[in-house]
Amino acid sequence: MRFAPAAAVGLGLFLALSASTAFAQEAAVPFDMTGERGPTADQKPSEGNSGTATPTTTQVEQKPVVKPPARRYIVSAPSLMLEGEVASRSFPIYLTKDEAAGADALNLGYSNAVVVAPEASRLTVVINDVPVGEMPVQSAEGTKEVRLNLPAGLLRPGINRVTFNATHRHRTDCTIRSTYDLWTAVDPARTFLTLPDAPTSRLQTMDDIPAIGVGPAGQTKFIMVLPEMGQPAATNALMRLSQGLAMMAKMPNQTFDVVDTMPATLGAGELAVVLGTAGDLSPILPRLPATAASSAVATFVDAPAGNGKVLAVSGPDWPSIESAVEGIVSPIDRPLGVMREALSVRQRNAAEMPLVSGETTLTLAALGVRTGEFSGRRFRTGFDIGIPSDFYADAYGEATLLLDAAYAPDVLPGSHFDVYVNGNLASTVPFNSRNGGIFRHLPIRVTMRHLRPGPNRIDIEAILLTQADAVCAPGASALQEPRFALFDSSELRVPNFARIGQMPSLAALSGTAFPYNGQTDPAALYLDRLDSDTLSTGATFLGRLAVSGGRALQVRPESSALAIGDRNAILIGTLSQLPPLVLSQTHIAAESASTWGAPVAGDNQRAGTQEAIDEWQSRVRGGAWRSQVAAFQTWLQETFDISFSSLRLLPGEEQEVVPDDSAQFLIAQGDSPDHTATWTVLSAPTGASLKAGMAAVAQDARWQQLDGYATLDDKASDSLDTRQVSRARFVPTQPWSFSNMRLIAANWLSSNILSYALAFCGLSLLLGMATWGLLRRFGRQS
Amino acid sequence: MRHSGTVVLWACVSALVILVITLPINLQTQLVASIAVVTFMAVIKVLRAEGIWRLIALAFGTAIVLRYVYWRTTSTLPPLNQLENFIPGFLLYLAEMYSVMMLALSLFVVALPLPSRKGSVTPLERLPSVDVFVPSYNEDIGLLANTLAAAKAMDYPADKMTIWLLDDGGTEQKRNAAAVVEAQVAAARHAELQALCRDLGVNYLTRARNEHAKAGNMNNGMLHSKGELIAIFDADHAPARDFLRETVGYFADDPKLFLVQTPHFFLNPDPLERNLRTFEKMPSENEMFYGIIQRGLDKWNASFFCGSAAVLRRTALNEAGGFSGLSITEDCETALALHSRGWNSVYVDKPLIAGLQPATFASFIGQRSRWAQGMMQILRFRFPLFKSGLSLPQRLCYMSSMLFWLFPFPRTIFLFAPLFYLFFDLEIFTASGGEFLGYTLAYMLVNLMMQNYLYGSFRWPWISELYEYVQSVHLLPAVVSVMLNPTKPTFKVTAKDESIAVARLSEISRPFFVIFAVLFVAFLMSIYRFYAEPYKADVTFVVGAWNLLNLLIAGCALGVVSERSEKAASRRVTVKRRCTFLSEGREYPATLENVSANGARVQVFGLEDHIATGAEGALQFKPYGGDHEEALPVEIRNTETAGNVMVIGCRFTPQDARHHSLVADLIFANSNQWSDFQVSRRYNPGIFRGTLWFLGIAAYQTSRGLIYFARSLGGRKGEATS
């Protein structure tokens with residue numbers, strides 16, 4: 001255990017006092033009761049720093065005598081939870097040269113569940129494969145901050161990998177259920193690198209843009225200052241530049257805020273970009289280089305308020321500004337026709353996410369999962385894979401996990417091994433032996449039903465029951481005897497799967513920006529009005545698409561929706577302003593143009609009745625015979641998942657979307673009038689909700705939920721309301737091949753079950769008749 | 001090619017079907033398709049649609065079977081690195097694939113069998129000359145007398161028919177044997193048969209040495225005769241009067257015809273029929289072969305020689321060098337040789353001979369061992385698939401007939417496969433409960449329906465499985481031995497005239513009880529594990545059900561090997577025929593009720609009840625071939641009065657050869673009575689009723705077998721104490 005060795009000079013007296021208090025209490029109390037100790041720090045001192053211990057407090061605002069060290073927040077999410085008995089989260093941080101050299105410590109703020117047993121639970125922080133801190137998990141009452149000093153030279157300019165590992169054990173309980181109560185939450189606002197003598201402006205050059213970082217809530221924001229917002233010529237440059245910046249930063253939660261005046265201050269994780277002709281900019285940006293009046297410039301200049309630097313992109317006129325933008329974007333853009341081998345989603349996970357586009361075998365080691373032994377009762381780990389946008393094997397596809405694992409003899413039969421795909425159970429393998437077992441490449445069939453275009457999370461979990469847990473003697477939950485081992489030689493084997501694009505598909509849009517990604521003709525971009533809200537929405541959306549698609553999309557602004565014709569298009573505006581043709585093509589009910597946002601009487605009566613019937617049905621299920629029948633029904637339902645809606649011959653029509661009052665924003669997709677191109681609509685009742693909704697949907701957690709032909713963002717709920725596609729238009733993406741066509745047919749027939757039965761019976765009928773004709777003509781005749 | 005259009009169309013449709021079958025669809029889709037097909041087939045079956053619908057129903061079944069094969073091959077085999085699972089799993093897979101292959105071959109054979117032939121009549125003056133061969137080795141003289149008499153009585157011009165008794169029991173080699181008792185017996189037999197033949201007016205022929213068994217004997221007969229056609233009857237196969245009339249006509253129609261084969265009809269039950277008491281109501285085992293399969297083979301010009309009840313052309317046999325004797329089933333081997341030389345065969349679907357089959361379980365197994373080993377020898381020495389000269393359908397037909405005899409292997413594997421899981425916890429078939437429902441259950445249902453559709457009125461549900469199981473236990477070693485040493489087996493004549501005086505266990509019944517005990521323990525184990533290990537109750541349920549099915553069949557087999565005693569030495573044939581009963585010089589009008597080789601039951605009108613048992617009398621009737629009435633001496637065995645008629649049971653006391661002819665005339669002359677008997681047993685109980693019936697039989701026979709077993713233990717104890 002090594003904590004916080006270095007000293008922070010100016011805090012001496014106050015900190016030494018609180019440290020000794022903490023030490024005394026730590027010795028006296030076996031269980032950590034942090035919260036009862038008031039606002040003072042609760043840093044446990046370690047050897048070598050007793051005199052100069054440097055705990056920080058939650059009240060940094062109590063301005064000490066010297067300037068507080070600058071903070072570089074590192075957690076790029078609103079929250080970071082380590083859940084279960086064993087958990088690990090790993091993510092990259094991109095540092096500038098100054099930051100890498102100047103950061104002296106990592107401040108970690110975390111809290112944990114009350115039931116976590118501190119003596120048996122540990123939290124470990126690893127940076128660039130070097131452990132920088134390990135501690136018992138003992139912050140059940142409020143957030144506790146820990147300062148971890150970093151060895152010099154540990155951080156590098158560019159990408160660094162930070163890993164939090166937690167092992168938890170329950171204080172008293174040994175059940176599987178209890179493991180779900182175990183968590184440690186790392187607080188993004190209190191987890192940062194401290195930079196004692198950082199310059200006022202972090203970002204100095206274009207190369208520093210990837211180091212833009214995050215704010216205390218995990219947010220990244222580009223403030224695009226566009227004085228001449230209403231000028232149509234500006235839109236193109238703005239959108240192109242937004243995509244370029246988005247691809248440079250690649251942060252998971254980045255938004256664009258288009259404004260016409262210079263922001264007063266810039267917070268952490270924010271960058272101001274000034275865009276306009278030299279003439280437009282000179283009033284607000286006095287330090288604009290003089291050359292801007294004659295040629296294109298893209299450079300960092302001092303902000304007028306003197307609090308850092310802003311990126312200025314300018315030139316004498318808009319064409320020259322566009323060339324300046326192109327100078328920024330083109331070096332990082334991916335040419336058409338170049339395939340990606342991995343999805344660039346470093347921001348989610350430190351490991352690169354391989355793009356699985358056909359027959360692939362990947363070892364767990366290659367996927368970032370390490371061999372590990374486990375002594376608890378619920379082991380869980382996972383990895384990510386990328387799936388192309390034209391994935392079409394959700395109905396029939398099956399991947400195989402070749403499992404290398406072992407379990408101890410004390411593991412009881414009834415234990416099992418589960419595979420989850422994007423949180424859905426995809427496979428279960430029971431452990432049946434009473435004498436332990438070793439699996440060597442045991443094939444586990446994993447349905448590909450829950451895979452979707454873009455990043456996918458695959459979790460593997462082992463539920464381990466033992467006699468000791470059933471008894472649960474005191475301390476049993478913390479026994480160290482390993483029960484289970486997972487070896488990283490296990491392999492995930494994905495077969496060739498059907499590949500054809502389906503439109504509409506918001507999942508493909510969010511996953512890889514399909515179909516706008518990779519098209520040669522620019523897509524039309526229709527903005528209902530050129531104001532701050534609409535432009536912000538467009539910039540955020542296109543920035544997000546550029547990161548997903550791995551390239552800047554070609555767009556051409558259009559001033560009239562009717563002029564789009566049969567091109568792929570993105571249409572952004574308040575619902576009332578969108579032409580009826582656009583609404584009907586994207587299955588949005590026409591009347592919602594006037595009703596959405598206006599208060600209407602709720603239509604919850606029917607839903608309520610159905611709920612009541614269901615509830616009564618479950619209550620009435622009783623009696624031995626009834627329960628047997630019900631159990632069989634449940635088994636049938638679980639095993640085959642056949643409902644009347646799945647028993648269909650042909651796909652049905654999409655239902656019209658009527659956004660209800662709680663929805664603040666929607667994305668809908670539909671065909672162009674002649675069904676050759678795809679239109680995507682971003683809309684909301686008001687301009688403000690349009691911008692707010694887009695900013696919310698652009699958050700990584702929500703962006704990954706986009707699905708179906710329409711997705712609505714609910715103000716109240718965390719999850720998105722998606723409407724599934726029933727009738728998709730196929731868009732060939734692969735050269736014609738028999739094997740692909742066969743797999744496409746398999747998936748289509750597996751989704752339209754009755755069609756298969758019909759084809760099967762029809763062909764059998766034909767075969768019978770043909771055989772009859774054949775047999776009558778051959779052999780002896782009767 | 002004449003029908004290339006049809007072939008191309010068929011090939012295209014087949015390719016499409018294969019394409020759809022091999023789509024990797026999901027389980028829900030499979031389940032719905034299975035339900036649709038099963039429903040469709042059930043409707044066709046219930047409506048008893050025939051003609052094109054027969055092929056359509058079979059195509060439906062085939063499609064489901066092929067989907068099962070695809071799934072079984074691609075997703076159920078245990079991983080290769082788990083050898084303890086993979087090896088038994090792969091064996092099970094092979095066994096299943098063998099079953100599927102046999103299904104495919106038999107579908108090919110019987111998809112559209114030829115209907116019964118109308119008969120072909122040749123004018124009297126153009127009838128060819130016929131030599132009738134009755135090869136014999138050690139059969140009883142009374143039996144031979146009946147057969148020879150029946151042969152002699154056949155409706156055919158006397159100058160064109162020569163009967164030959166080919167006696168291998170009285171050869172010089174036998175008469176001069178070193179063992180004096182055998183030599184004496186052979187010499188006495190030689191003399192007796194010579195006398196019998198003289199009396200009946202048939203030729204007696206024997207030879208120097210017993211070389212090449214039955215084939216050598218018949219080749220020797222060919223050397224001494226010169227008829228254009230050769231009819232062959234086993235010593236116990238007595239022909240009806242119309243045998244030659246029904247068969248020789250085809251030879252005039254087709255100069256390249258070498259064989260007309262007719263069915264074997266048996267007067268007595270086989271051990272299974274006797275011990276399960278099904279002879280009177282259920283179709284015999286061989287009716288499936290003679291009723292359907294031979295007709296199917298006939299469609300492809302591949303019906304083959306079954307050793308007896310057939311007519312062959314001498315020139316064809318000469319071309320092939322006589323009867324082939326390389327294997328111990330010379331009949332099929334000969335037919336294969338002649339088919340491959342471009343000769344044709346015809347099958348006449350009408351029982352024209354009546355014979356005996358092995359009565360005891362041991363001799364039944366002995367006979368089947370010979371067939372199985374002989375077929376394996378032919379498979380080994382004359383592999384029909386690659387034999388030049390055969391047409392493709394003929395190759396497939398012969399392969400179907402030979403490969404059938406490999407059934408002991410899959411049957412054994414199916415028997416023991418569940419035990420791997422129940423006793424050793426090995427998972428040799430990786431599938432979930434849902435997949436089992438969607439694929440395996442559908443496959444099994446469709447399989448049962450196809451079998452019932454094809455053979456329904458000839459073979460009741462589960463009876464094939466029972467026959468295969470009771471044979472497998474002893475046939476497996478026989479087949480393995482012939483595979484290891486193909487030239488070793490030698491021809492052994494099957495005893496058919498045994499009788500069982502007292503009820504007893506068969507001498508080869510021991511393994512059946514051992515297997516039953518093991519399966520019963522496995523059954524208990526499955527119940528225990530079902531409750532003790534609820535987390536895999538679904539797998540235990542499926543495997544336990546499979547084991548239970550095996551247990552039922554094994555239990556039923558206990559009844560098969562528990563031999564019931566049989567009162568009548570030979571079986572009675574029901575006849576309705578007018579005759580006159582002679583007693584003490586007086587004549588009474590009478591009707592024959594039934595006859596056997598030894599006696600008859602007669603209703604006599606006007607006879608007072610003074611007649612005593614043991615008294616002598618005679619039956620006077622007009623034989624089918626004769627023009628006047630003749631008398632057959634009898635001895636009264638019992639009498640009973642029924643109103644104004646008296647029913648008399650009497651025993652024949654033939655004194656000269658003519659009397660044998662009269663007995664033969666009573667039993668064998670009219671072939672229609674056999675057809676009628678067969679037809680009376682032929683109906684299809686359907687899968688549900690058939691299965692229920694089988695369950696009943698299985699329960700009863702299990703208890704009977706166990707009682708016999710207990711009694712045999714008691715008997716042995718009794719012997720030990722006395």
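Select the contact between the two chains: 47 residues come from chain B and 46 residues from chain A. Two residues count as in contact if their C-beta atoms, placed from the backbone, lie within 7 Å. This is a predicted model, in which local features need pLDDT of at least 70 and side-chain atom pairs count only at pLDDT 80 or more, while totals for chains, interfaces and linings use all residues. Residues are numbered from 1 along each chain as its sequence is written, and chains are lettered from A and ligands numbered from 1 in the order in which they are written.

On the chain B side, colour helix H1 (4–21), helix H2 (27–46), helix H3 (52–75), helix H12 (285–299) and helix H18 (433–455) of chain B, the elements that give two or more residues to the side touching chain A. Helices (H or I, at least four residues) and strands (E, at least two) are DSSP runs, numbered from the N terminus. By class, this side of chain B has 32 nonpolar, 10 polar and five charged residues. Here Ala, Val, Leu, Ile, Met, Phe, Trp, Tyr, Cys and Pro count as nonpolar, Asp, Glu, Lys and Arg as charged, and the others, Gly among them, as polar.

Stay in chain B and select domain 1 (124–357) and domain 2 (573–672); these bounds come from an automatic or database domain assignment. The centres of domain 1 and domain 2 of chain B, taken over C-alpha atoms, are separated by 30 Å. Their contact takes 20 residues from domain 1 of chain B and 15 residues from domain 2 of chain B. On the domain 1 side, helix H5 (141–152), helix H7 (180–200) and strand E5 (238–239) of chain B each give two or more residues. H5(B) provides the largest share of that side, five residues.

Next, show B:Val132, B:Val134 and B:Leu148, the residues with the most contacts inside the largest nonpolar core, which has 218 residues. A nonpolar core is a set of buried Ala, Val, Leu, Ile, Met, Phe, Trp, Tyr and Cys residues joined through C-beta atoms within 7 Å; buried means that 20 or more other C-beta atoms lie within 10 Å of a residue's own. H3(B) gives the largest share of this core, 11 residues. What is B:Val132 in contact with, leaving aside its neighbours within four places in sequence? The contacts are B:Ala151, B:Met161, B:Thr162, B:Ile163, B:Trp164, B:Ala231 and B:Phe233.

Move to chain A and select the open sheet of four strands with the order E20-E25-E22-E23 and antiparallel pairing. Strands pair if DSSP finds at least two bridges between them. Strand E20 (378–387) and strand E23 (424–431) of chain A stand at the edges, each with a single partner strand, so one side of each has no neighbour in the sheet. E20(A) pairs with strand E25 (residues 454–463) of chain A over 10 bridges. To see one bridge, pick A:Gly386 and its partner in E25(A), A:Pro455.

Last, select the open sheet of seven strands in chain A, ordered E30-E29-E31-E33-E32-E34-E35, with mixed pairing. Its edge strands are strand E30 (555–558) and strand E35 (721–723) of chain A. Inside it, strand E29 (residues 523–527) and strand E31 (residues 569–574) of chain A run parallel, joined by four bridges.

Notes
A residue is buried if 20 or more other C-beta atoms lie within 10 Å of its own, exposed if 12 or fewer, and partly exposed in between; C-beta atoms are placed from the backbone.
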